[in-house]
Amino acid sequence: MYSENKLDMYEKKRMNNSIVCNNWRKIIALSLQRRNQYSFLIVLMGLLEFGNIPRNKIGFFCNDPKLSFKFTGDTVSVAVLLTVTAVMPGLVMWVIECASHTTNSYDTETNSNNSRLKQVWFWYSHYTIGIITLAVGCNVMKIVIGEPRPHFFHTCQPLEARNCTNEYIETYTCTNMEDSNWFIADSSKSFPSSHSSLSVYTSIFIVCYLQQRMTDKTLLMKPWLQFLVSMWTVLCSLSRIADNRHHWWDVLAGLVIGSIMSILIVIFPCRVFRLERKNLSAKQVKSDFSGNDQVICFDDKNYQSKKKLVNSTNKIDIPEGRELCDITVSWKE
């Protein structure tokens with residue numbers, strides 16, 4: 001009897017090790033696949049931003065007041081935008097998971113990745129793929145449309161606009177020799193606003209995460225955090241209009257595009273941040289709980305019966321309302 005139990009324990013241990021190895025192989029394969037996706041999108045982003053790709057240029061009317069503003073700088077720079085976009089979601093998810101959920105919340109009985117770190121990385125990886133895809137899409141639209149920014153005349157200084165009155169100029173040549181070629185080319189990439197698009201994507205993602213995963217132990221902590229995250233989008237969007245970097249319709253289009261992308265990422269890949277219980281079959285549950293010549297009875301819903309515990313030699317009546325954890329039965333009895 002002892003040797004048989006020892007062999008059974010060894011067999012279970014070997015099967016568990018095999019399952020762990022298979023899980024790690026799947027995780028490594030998924031990481032490599034996502035790394036390739038990251039690399040492709042980042043390379044494409046660099047080519048669109050800095051490569052010599054033919055760009056479309058929309059013409060302009062001479063002395064157009066909407067294009068006659070001066071460039072005064074960025075309230076929210078590109079470096080600040082990218083830093084907040086990359087750091088804030090991962091930091092918020094890690095802090096909330098540590099503060100609101102215990103380590104056994106990610107056990108094998110839930111549809112999770114069996115650990116806090118893997119689960120946070122699962123959500124963050126989908127977030128990263130979405131944000132890079134969104135940035136690439138916005139850059140493609142900027143190149144295809146080629147709309148002048150509000151400070152177009154001040155930055156480009158088109159030669160054709162010097163001696164014209166109210167004509168429409170279809171093709172033009174920039175004469176600005178002080179600024180870089182990238183900045184001059186950027187003056188004709190106004191639609192849509194990448195700042196508003198990326199900021200609203202981040203805000204909606206974090207707001208939905210807080211709503212689903214943050215506990216309601218504190219009365220106003222959750223809505224206040226969601227409000228502060230939403231203010232990030234308001235700051236980025238309004239600053240682009242105040243800095244004369246975008247027209248109001250550019251900002252509106254960026255908000256719509258970023259909102260749609262974020263909602264799709266939250267609903268489909270991230271499954272609205274829900275860790276649902278796995279549906280185990282009756283055979284799986286019986287195999288986990290049966291042993292030592294004991295058979296645990298289950299009802300139609302796969303729950304443990306609180307009334308019957310059948311032994312090969314003994315029959316024990318369980319009083320109504322008692323839990324199985326309160327009953328210990330030795331196989332020797």
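A disulfide here is a pair of cysteine sulfur atoms within 2.5 Å. Please keep in mind that this is a predicted model.

With that cut-off, how many disulfides does a search of the whole structure find? The search gives 2. If you count the bonded cysteines along the chain, the pattern is 1-3, 2-4.

Take Cys62 and Cys164. Their sulfur atoms sit 1.7 Å apart, and the two residues form a disulfide. The torsion about the S-S bond is about -115 degrees, so the disulfide of Cys62 and Cys164 is left-handed. Are its cysteines buried or exposed? Cys62 is buried, at 4% relative accessibility, and Cys164 is buried as well, with a relative accessible area of 10%.

Now the other pair. Cys156 is joined to Cys174 by a disulfide, S to S 1.9 Å. Cys156 belongs to helix 4, whereas Cys174 is in the loop between strand 2 and helix 5, residues 181–186. They are 18 residues apart, and this pair too is one that links distant parts of the chain. The link of Cys156 and Cys174 is left-handed, with -95 degrees about the S-S bond. On accessibility, Cys156 is buried, with a relative accessible area of 0%, while Cys174 is partly exposed, at 27%.

Cys208 counts as partly exposed, at 28% relative accessibility. Cys98 is also partly exposed, at 37%.

Last, the annotation. An unreviewed UniProt entry places the feature "transmembrane region" at residues 38–54, 75–96, 121–145, 223–242 and 248–268. I looked at two of these spans in the model. Residues 75–96 are 86% helix and 0% strand, and the end C-alpha atoms lie 30 Å apart. For residues 248–268 the figures are 95% helix and 0% strand, with the end C-alpha atoms 31 Å apart.

That is what I have; I am happy to take questions.

Note on methods:
Residues are numbered from 1 along each chain as its sequence is written. This is a predicted model: local features need pLDDT of at least 70, side-chain atom pairs count only at pLDDT 80 or more; totals for chains, interfaces and linings use all residues. Side-chain values use heavy atoms; hydrogens and water are left out. UniProt positions are given in the numbering used here, feature names are shortened, and annotations may be inferred rather than shown by experiment. Helices (H or I, at least four residues) and strands (E, at least two) are DSSP runs, numbered from the N terminus. Buried means under 20% relative accessible area, exposed over 50%, partly exposed in between (1.4 Å probe, protein chains only).
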